[in-house]
Amino acid sequence: MNEKQLILSCLEGEAEAFKEIVDIYKTKAMALALNMLGNREDAEDICQETFIRVYSNLDKFDLQSPFRNWFYAILSNRCLDLLRKRRRFFSFFKKMKEEYTNNTSTQSSSSSRSQPLAPKILEGLSPKERVALCLWASEGYSGTEIGQVIKCSSSTARVLLYKARKKIKSKMEKENVSLSNG
Amino acid sequence: MFRCQMVNFLFSIFPFKIWQDFLLQKHIQNCPACQENLASLEETESLLIQEEEVGGLEDLWPKVKVQLTKEKRKERLFRLPRWGWAVGAAFLLIAIVLGIWFYQLAPPGKTPEEDITSPFQIKYIRIYDKPARTYLFQPKDSNMIIIWAEKNI
């Protein structure tokens, strides 16, 4: 069965057809979520949420457009939402930490909770730059397709990708220099 | 080289995406020297977590299935049938019509002038624009009422 037939079967209420969609996309989704969030627990939660959202909104999907773009749009939106929430939480946490500098135990527990998996080198990128980079490198997406996923123009997507690649290159070069000096 | 520096300078000073994309299309994407400043596909791939490295997703479908069953149950509980809205609107309309009808049936409230329980009322009597002392007399076994007003000194 191809993707379209699977979607039509899902719309008729066949759970097994949706299982096949989950099987096709689960590793792709997990890889993107991990690269975006750098945390296994969050990535799993986001993947789960994304599949549920996909299933419940399947009737809104336009069968003429590619399913993977729609799927990645939902996934990246969820990731961006979580990153926004996390940023708010960390700014709040930072404030609290400043107030209670003596309490070191809370600091260690929070840092162990969000153990980063993605390399530090990606941390300098904005969330949208990360999405653009991941879709380009893992899925071979063009600027236009990236734009469709993150809901921006193709020129904006190309600029995001360019900036991400440039930042990564300069970081890599810096790390190489520091390694060779060290 | 000078041209590359110029393009990169122009890229950095104007933050407009359309302008930046124009420079990308016109020069950066086709220039080998500028491309050297960008991470290649292979380099980027080596930094990212790949699909093959992602394991342990066997329990994802069971978790999703459980959630979907919960969602379906919730949906069934709160979902109105398609004609539910029509029935609701009809009931509302009937309630409004009945309300208006009952309101019209109810006898209207009486004004104080129409109230027969008090035969007559005198708020006050004024003599030469000043409130007067007022007395009411009703002789025994008579319906006659005498009003006596006296100038207030």
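A residue counts as buried here if 20 or more other C-beta atoms lie within 10 Å of its own C-beta atom. By that criterion, 34% of the 182 residues of chain A are buried. The model on screen is predicted.

**Chain A, overall**

Select chain A and colour it by secondary structure. There are 8 helices and 0 strands, so the order along the sequence reads α-α-α-α-α-α-α-α. Contacts in chain A between residues at least 6 apart in sequence include 62% that join residues at least 24 apart.

**The nonpolar core**

Next, select A:A33, A:A132, A:L135 and A:L161. Within the largest nonpolar core, which has 51 residues, these four touch the most other members. Two or more residues of this core come from each of α1 (3-11), α2, α3, α4 (67-99), α6, α7 (143-150) and α8 of chain A. The largest share, 12 residues, is that of α2(A).

Keep A:A132 selected and show what surrounds it. Beyond its neighbours within four places in sequence, A:A132 is in contact with A:I146, A:A157, A:L160, A:L161 and A:A164.

**Helices α2 and α6 of chain A**

Now select residues 15-37 and 127-139 of chain A, which are helices α2 and α6. Their axes come within 10 Å and cross at roughly 145°. The crossing is right-handed. Which residues meet there? From α2(A) they are A:A31, A:L32, A:N35 and A:M36, and from α6(A) they are A:R130, A:V131, A:C134 and A:S138. Sorted by class, this contact has 5 nonpolar, 2 polar and 1 charged residues.

**Helix α3 of chain A**

Move to α3(A) and display its end C-alpha atoms. Colour the buried residues of α3(A): A:A43, A:E44, A:I46, A:C47, A:Q48, A:T50, A:F51 and A:V54.

**Where chain A touches chain B**

Show both chains. In contact across the interface are 35 residues of chain A and 28 residues of chain B. On the chain A side, α2, α3 (40-56), α6 and α8 (154-181) each supply at least two residues. That side divides into 21 nonpolar, 7 polar and 7 charged residues.

Most residues other than glycine have a negative phi. Two exceptions can be inspected in turn.

Select A:K151, in the loop between α7 and α8 of chain A. Its phi is near 55°. Is A:K151 buried or exposed? A:K151 counts as exposed because it has 11 C-beta neighbours inside 10 Å, and the limit for exposed is 12 or fewer.

Then select B:Y128, which lies in the loop between β1 (126-127) and β2 (130-131) of chain B. The phi of B:Y128 is near 50°, again a positive value in a residue other than glycine. B:Y128 is exposed, since 7 other C-beta atoms lie within 10 Å.

Finish in chain B with B:L23, found in helix α2 (residues 17-26) of that chain. With 19 other C-beta atoms within 10 Å, B:L23 is partly exposed; buried would require 20 or more. Leaving out residues up to four places away in sequence, B:L23 touches B:V7, B:L10, B:F11 and B:I28. For one of these, B:L10, draw the C-alpha to C-alpha distance to B:L23: it is 8.3 Å, with the two residues 13 apart in sequence.

How values were computed. Residues numbered from 1 in each chain as written. Chains lettered and ligands numbered in written order. Predicted model: local features only at pLDDT ≥ 70, side-chain atom pairs only at ≥ 80, totals over all residues. Axes fitted to C-alpha atoms, helices over the stretch in contact; angles between N-to-C directions. Helix = DSSP H or I, 4+ residues; strand = E, 2+ residues; numbered from the N terminus. Left-handed = near helix turned anticlockwise from the far one by under 90°. Contact = placed C-beta atoms within 7 Å. Nonpolar A, V, L, I, M, F, W, Y, C, P; charged D, E, K, R; others polar. Core = buried A, V, L, I, M, F, W, Y, C linked by C-beta atoms within 7 Å.
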